[in-house]
Amino acid sequence: MTMPIPIPMPVPVSIPPVRERVVVVGNGMAGSRFVEDLRRADPGGRFEVTLIGAESGHAYNRILLSNVLAGTARSDDIRIASEDWAERLGITVRTGARVISIDRERREVGTSDGCRTGYDRLVLATGSRAFVPPIAGLGSESGELGAGVAVFRTLSDCDEILRLARSSRRAVVLGGGLLGLEAARGLAERGLAVTVLHAAEHLMERQLDADASRILRRTLRTLGVTVRTDVTTTAVCRGPDGRITAVRSADGRTFDADLLVISCGVRPEVDIARAAGLAIGRAVIVDDQLRSVSDERIFAIGECCEHDGQVYGLLAPAWEQAAIVANVLTGSESGGRYRGSRLVTRLKAAGVELAAMGEVHHEQDFDPDEEDAESNSDVDPGRGHRAPSGRVSESASPGSSATSSPNCEVIRFADPTRGTYQKLVVRDDRLIGAILIGDTRSVGTLTQLFDRNAVIPADRATLILGSRGSSAGVESPVRIPNRATICQCNGVTKGAICQAFLDGRRSVAEIAETTRATTGCGTCQDTVTAIVDWLKATDPEPAAG
């Protein structure tokens, strides 16, 4: 009798789910933040993530480059990705590889090292490149900069400037915008004689009015930086050895220099997007989910994206966009549409306190350099001269050519001698713009009113003079409401900081690790420290458990 042959039972086979391939082009502050946000929203690892960056080395905080230039920080101090960052996140990072093509049909990107990487979703975070104006003698016809010339955009640019500065005595910085002034102040800190040449009529013309610019210019002069405005640079002068000796302006003036730093703005890096056939305005045009309007599989964030006609060049919008794309990909209900950003600009240079937001170009008859004989009647003992008229000025302004909205109130306080200028622009009882130079203690309150479009107090002047005469420092933590945003870059409220403290995060470093507060531009560091110190004083011992 034949015995039946036993039939083995089938062994269940576990087929791993297919992971969706996400490729991120750009290992800067926008790209690296998006990867972190995606992993936070998707701890299960549904996505296979590849991050490709043209620069070598780990991601770093570009905002703090001026600190490296000034010598108050080292290159390693501004790194935002540790050695094990990629391993902890479970992602692949390729640095020193520039993406040179996008094949939308095959869904692949090609890189300068000859590799091709497939994607299901592509996130462009390519940022911007420095704009180099056409100036005779600047460099070669191929576009390479000549000896003694550098741009100020990346960490390698910063290293090159520092190398040149070691053998230089006089520097010219071309461009009086935010980055140019930070570069100028950094070089002055290293002992160089610095001159800023700016083509517009006044410094930071997008963020400041003419009066504020004059006071900023005066402050910079006391810090070793000479400013020349309304100057069009036409040529770089070189000696027989090829070294820079001066730069020449269109009106024939020359400015001695052996180092030239170019900071004339940036242009969105969109060459590969344009070559791939994506819709381009000034940058990659995206919808409210930050998808390219040409291809739903491709997203753009940061300086390379254009939303509703706007291209944002600051950090906070880029990080907000990164979080939204992460939410869109993971299907999170916490937020999946971008509505634009309200911008607050901070100048990060030693010895200069400056913040600006919104519509500031509403003017009235007022000259902060004009001496007023009546000002003596408004001198406060121990406080000095409230110049130029010695008073806070408040009146209706018809607006200027920079805005089309009449019926604005303009409230100002100026003390040019002490480098202080404060201006509020109010429409319909709401703050639509502000400038603070010298004394920025009220920036937190003003930013809250500006962000929330909230009704402001009837006595407008108290917003800038409320702390006048009080000791210097940040606003008392007791007076800051829990809903107030402390870290603008990351959208961290006082309430979130307090909750992290109650959860056992007892130091600023631990608070930063949990909430990300202070990890952007760093200007909220003092406020976060004050809140932590206040919490320690009210609850000195951590809860048991």
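**Sheets, salt bridges and a pocket in the predicted model**

Strand 4 and strand 5 (residues 108-111) run antiparallel and are held together by four bridges. Everything described here comes from a predicted model. One of the facing pairs puts Asp 103 opposite Glu 108 in strand 5. The sheet these strands belong to is an open one, built from three strands in the order 4-5-6 with antiparallel pairing. Strand 4 (99-103) and strand 6 (116-118) sit at its edges; each has a single partner strand, so one side of each goes without a neighbour in the sheet. From one strand to the next, the twist averages 20 degrees.

Strand 26 and strand 27 make a hairpin with two residues between them, and Asp 428 in the turn takes a positive phi of about 55 degrees.

Helix 9 comes up against several of these strands. In helix 9 (residues 443-452), the buried residues are Val 443, Leu 446, Thr 447, Gln 448, Leu 449 and Phe 450. Their cover includes strand 23, strand 26 and strand 27, along with strand 22 (344-349), helix 10 (462-465) and strand 28 (485-487). Just past the end of helix 9, Asn 453 has a positive phi of about 55 degrees.

Is Thr 195 buried or exposed? With a relative accessibility of 17%, Thr 195 counts as buried, because the cut-off for that label is under 20%. Setting aside neighbours within four places in sequence, Thr 195 touches Ala 171, Val 172 and Val 173, and also Thr 226, Arg 228 and Phe 255.

Next, the charged pairs. Side chains of opposite charge can pair when their charged atoms come close. The structure holds 33 salt bridges. One of them joins the side chains of Arg 516 and Glu 36, with N to O at 3.4 Å. This pair ties together distant parts of the chain, 480 residues apart: Arg 516 is in the loop between helix 12 (508-515) and helix 13 (525-538), while Glu 36 is in helix 1 (residues 29-41). Arg 516 counts as buried at 12% relative accessibility, whereas Glu 36 is partly exposed, with a relative accessible area of 21%.

A second salt bridge brings together the side chains of Glu 303 and Arg 153, at 2.5 Å from N to O. Here too the partners come from distant parts of the chain, 150 residues apart: Glu 303 sits in the loop between strand 20 (295-300) and strand 21 (305-307), and Arg 153 in the loop between strand 9 (149-151) and helix 4 (155-165). Glu 303 counts as buried at 17% relative accessibility, and Arg 153 counts as buried at 10%.

Arg 253 and Asp 251 form a further salt bridge, their closest N and O atoms being 3.0 Å apart. Arg 253 is partly exposed, at 35% relative accessibility. Elsewhere, salt bridges with shared partners link Asp 209, Asp 211, Arg 214, Arg 412 and Lys 423 into one network.

Finally, there is open space to account for. Rolling a probe the size of a water molecule over the atoms shows where empty space is left. The second largest pocket has a volume of about 740 Å³. Which residues lie nearest the centre of this pocket? Among its 25 lining residues, those nearest the centre are Glu 36, Ile 80, Ala 81, Ala 512 and Thr 519. Helix 1, helix 3 (85-89) and helix 12 each give at least two residues to the lining. The most comes from helix 1, which supplies five residues.

Conventions:
Residues are numbered from 1 along each chain as its sequence is written. This is a predicted model: local features need pLDDT of at least 70, side-chain atom pairs count only at pLDDT 80 or more; totals for chains, interfaces and linings use all residues. Side-chain values use heavy atoms; hydrogens and water are left out. A salt bridge is a side-chain nitrogen of Lys or Arg within 4 Å of a carboxyl oxygen of Asp or Glu. Buried means under 20% relative accessible area, exposed over 50%, partly exposed in between (1.4 Å probe, protein chains only). Two strands pair if DSSP finds at least two bridges between them. Axes are lines fitted to C-alpha atoms, for helices over the stretch in contact, and angles run from 0 to 180 degrees between N-to-C directions. Contact means heavy atoms within 4.5 Å. On a 1 Å grid over the protein atoms alone, a cavity is a set of points where a 1.4 Å probe fits but cannot get out, and a pocket is an open set with protein on both sides within 12 Å along at least five of seven lines; lining residues have an atom within 4 Å of a point. Grid points are joined across faces, edges and corners, and a volume is the space filled by probe spheres set on the points.
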